[in-house]
Structure formats: structure tokens, C-alpha cells
Amino acid sequence: MGYREIEITLPTDYSEADLSAAVARNVKGGSFTIIRKSLDAREKRRIVWLLRVGVSSDKIRGGNPPMNGDVLAIPRRSRDRRALVVGCGPAGYFAASVLLRAGFDTTIIERGLDVPRRAESIADFERTGRFHPTGNYAFGEGGAGTFSDGKLTSRSKRIGDERRYVLSSYVEAGAPSEIMYLAHPHLGSDNLKTIVVNLRRRFQNDGGKVLFETPLIDLKVRGGRIEAADTGAGRMDADLFILALGHSAFDTHRMLMRRGVAYTPKNFALGCRVEHPQALINSAQWGVESLPGLKAAEYRLTSRGDGRRPVYTFCMCPGGKVVPAAAFAETNIVNGMSDYRRDSPLANAACVAGITPRDIADEARADAVLDWLEDLELRFKQIPGDFRAPACAISDFMSGRLHSALPATSYPLGLLDWPLWEILPPGVADALRKGLNDFSRSVRGFETGLILGLESKTSSPVRVVRDESGRCAGFENLWSVGEGAGYSGGIISSAAEGIRAAMKISAEF
């Protein structure tokens, strides 16, 4: 029995029989698995799937299939150590899962609700405008990513083992097996709501503990060591503490600064959401409004902006909706999400401009950057007085004057017709205007869309200072991981951060 990998090109609506026949034309008999699958849309008249397939057959001489089995060598042994993980997003869950399997007595605390109650709170918010501090798009089981498109791509090239571990864990928890080989895999918020619950139940069945509606209030620090955590469930002792806060927990970041955890400001981005009919995006990307076998077209656009601040699209949600993603009742921001089928008639994406700390102040401190960004999020709530999203036509934003009717939107809490460029920082507005002009030349009809709300959570504006071992600088038993730590962005890279920290801890202790 030998093994060989082959490249196959198939139409967008191919069937399993088509795939089997294509493999048989290369190798007779045997079995095969898909290794990678990506869409080639470079020629609109010939959009096809490109597949790399591994074939095992007695007709092939030589070659060995890739090894299967555990991709992480988790050091399993009995330990008399307690770990407290703060936050139940991807970084927190996977850190806790590895520690538990390595033999640590592991507890996760999460300020938000579990998924079923969180989904109910979000539905009530979108129906009534009544904000729920423990059940919203920012906080709760699975983190902000649970109610998103569930994109599983990452630009990091050095997390291959961690990525495979995360993807296989998701498949075991109910994710479609295609995420193991798709070039741009996504889960959809509808699938994620089931997957993260299954992951948490497996963690609990293995002996882990999860406490919801349990915020971290304070840390008891003595001589560079965390002795205990004050939480919504009382004081909790542990031998080691892992913070997986997410980037929206400004209140907790400020508390940590007061307790001596060092932060530094970093580059980030902010802007708005843009929204278009999905048929328009399909036509621009595919040349037709729909293609059999495909869900919805995506785009990724970049521009030099004003020459100082690059402008780009981020977190594109084809066939999705724009959602009210405020973490606190006094603020108003937006985000995007879509379900697995991506079958909404509208597409949306963040359209953001780069920000550096020097754009805020010559020597901006981390706490000053948080204050600056929070003031902007407060302003977007103060202008409408509720959770309506200030909005205008993209063409009006580009021209600098309101004269068009607002295009259709998926945003559930209503729009306020407003000159968005007057609310945004001037440099950001100028850069976005030039970027939108560039995008309108790249995507026919882009200027006919809608631009709305404040998109301020592309990445954390601050970063925790860590030492060479990964600990928070100056602390012997405190780690910070995930998006809130400022070193990752998205589900996969955040989960990988949690895994790596837990693996180092397991090896050290």
C-alpha cells in the first residue's frame, strides 16, 4: 500500500461522485482524504474548487500518509496544584482544558452567562433595546466569538500543532469536518452556540469547574505573587492564575494596572461597519449574483488611506448581519456575525483605519489609551441617546455631506441618519474617506452601500508586558493570554495562546 497527494480541480457544485471519479482518473482503487480545499475565483468565467487529496492505494509505490493521533504531548500526571482561569472565551477554555488534562485542579470563572441564557438576553436586547450586562455580544460563554461568523483563519504561521488541536476539538464537539481542510473555514454563530456548550460539558465531565456570572473583582498581591482572587463568588485561592479577559474588559484591565500589572499601548484600528446587498458583492466577485455550490462571496480590501493610516476591511461577514456589540450600557459599538449558511441578503464588514499610540498623545500611557477609546464609544451612545447606530450612505461619507436616503440594513435597533465623519477622530475620518474611494474603484457599486456605527474592537489597544517565560512581568504565578493580553486576535490565535501558556505551565510545574 502506497500513498500520494494529488491536485484536483472541480466545479463549484461538484458532488461526491464527481470527486471520486476525479481521484480515480489519477489513481485506480484505494481510499482518499481531502487535505486542503480552496476557491479559485481569479477568472470569473471559470470559478472552481482547488483540492489537494491524499490517496492510499496498492497501485502506488512508496509514500507514507501523514501520522494521525494526538498533536499535543500534554504531560498527564497527578498534581497537587490549583489553577484559576478568568474568562471562558477560546483562550481561557483551551488553557483550562490543557491544564485539566495535565492534572491540575482547574476552575474557570466567567463574568457573563452560559450560552443558552446569553442567547435569550441578546434576543431580548435586540427586541427591546434593554441592555444586559452579563448577557451580551461581548461577555459570556465562548467569548465574543460565539456570536460571530466563527472564522477559523489565522495569519500566524507558527501554531500548526495548536491549530490542529483546536480544530479537532471543535469537530469532536459537533463542528463540520470540513474545517480541517478548508482554506477559509468558518463555523457560524448557530453552530458555535452548540459547539462551545459541548466543549464546556466535556470539561466539566472530566472534572473541571465553571462558574458563570462570576466576575474577577480584585487580586490579593503580596511580593509579586497572587495569593487569591476576589470574585463575584467570594475569595478564591489558587496556585496559579491565568487571565483570558478579552479586549472589552476595560474595567478589569484598569484594576490590574492598579495592582501592578504592567501594560503598554499598542497599534490598533477603528472605524465603522459597511453593509451591502450580498447580490452586489457576489456580482462584483463572481460576475453573477449566485453560483451553485457556493454560499456567499467575500472580500478583503486594503488601501494606503491618507498615507499615514492604512485602511482595510476586517471581519467580513457574508450573508450576515450587523449587531449591537456594546460591552457596557453607556457605550455603543457594532460588530458583525453570520450563521453557517450565510444566507442573509446582506453582507457587512468592518472598515477601519490604523491607529498608533502617538495619534492619541506623544507619550500615551496604556490607561490614557483606554480612556481615549472609551470616550469615543461613549460619544456614539450619547448622540442617539440609545443603541441606534449613527449611519449614512457611503457616497455621502465620501462627499462629506448628507443628501441620500439610508440604504437597507440588518442592524436590529435602528439607525440615526448622521454625518459619521463628524463623530470619528478627524484623521480617521479622512483616511476612511480615501479608503472608501479606493474600495469603490475595486468593487463596482461599493459606494452605494451603508456605513454605520463604531467598530472599535478589531484588536486590543493595549498589551500586557510579559517576561520570557510568558508570565506577567514581575509576577511569579500570573499569566495573561488571548485578545485582552494584546498578543492575538481571533478564535484560533487566541486559543493557541491559551494552549501554549498551559503547556509551559504543565512542563514547569
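Mentor: Two strands count as a pair if DSSP finds at least two bridges between them. Keep in mind that this is a predicted model.

Start with an open sheet of three strands, in the order β7-β8-β9, where the pairing is antiparallel. β7 (216-222) and β9 (234-237) are at the edges and have a single partner strand each, so one side of each is left without a neighbour in the sheet. From one strand to the next, the twist averages 30°. Strand β8 (residues 225-231) is joined to β9 by four bridges, and the two run antiparallel. Thr 231 has Gly 234 of β9 opposite.

An open sheet of five strands is ordered β6-β5-β4-β10-β22, and its pairing is parallel. Its edge strands, β6 (209-211) and β22 (478-480), each pair on one side only. On average, neighbouring strands here are turned by 20° against each other, direction ignored.

Go through the pairs next. Strand β4 (residues 82-86) pairs with strand β5 (residues 105-109) in the parallel sense, over five bridges. Within this pair, Val 86 is opposite Ile 109 of β5. Helix α2 (residues 90-101) packs on the sheet and touches β4, β5 and β10 (240-243). The direction of α2 makes about 165° with that of β5.

β4 is also joined to β10, by four bridges, and these two run parallel. Leu 243 in turn is opposite Ser 480 in β22. β10 and β22 are paired over three bridges, in the parallel sense.

What covers the two faces of β10? Buried residues are found on both: Leu 240 and Ile 242 on one side, Phe 241 and Leu 243 on the other. In a regular strand, side chains alternate between the two faces of the sheet.

Helix α4 (residues 160-172) packs with helix α5 (residues 189-205) at an angle of about 95°, their axes 9 Å apart. α4 and α5 are therefore roughly perpendicular to each other. From α4 the contact takes Ser 169, Tyr 170 and Glu 172, and from α5 it takes Ile 195, Leu 199 and Arg 202. By class, the contact of α4 with α5 has three nonpolar residues, one polar and two charged.

α4 packs with helix α12 (residues 491-508) as well, at about 110° and with the axes 9 Å apart. That makes α4 roughly perpendicular to α12. Among the α4 residues in this contact are Tyr 165, Val 166 and Tyr 170, and among those of α12 are Ile 491, Ala 495 and Ile 499. The residues of the contact of α4 with α12 are nine nonpolar, no polar and three charged.

In soluble globular proteins, nonpolar side chains tend to be buried together. The largest nonpolar core has 89 residues, and Phe 397 and Leu 436 touch the most other members. A second, separate core has 48 residues, including Ala 83, Tyr 165, Val 197 and Trp 479.

Definitions and conventions:
Residues numbered from 1 in each chain as written. Predicted model: local features only at pLDDT ≥ 70, side-chain atom pairs only at ≥ 80, totals over all residues. Heavy atoms only, no water. Core = buried A, V, L, I, M, F, W, Y, C linked by side-chain atoms within 4.5 Å. Buried < 20%, exposed > 50% of the residue type's maximum accessible area, 1.4 Å probe, protein only. Axes fitted to C-alpha atoms, helices over the stretch in contact; angles between N-to-C directions. Contact = heavy atoms within 4.5 Å. Parallel < 35°, antiparallel > 145°, perpendicular 65-115°, else oblique. Nonpolar A, V, L, I, M, F, W, Y, C, P; charged D, E, K, R; others polar.
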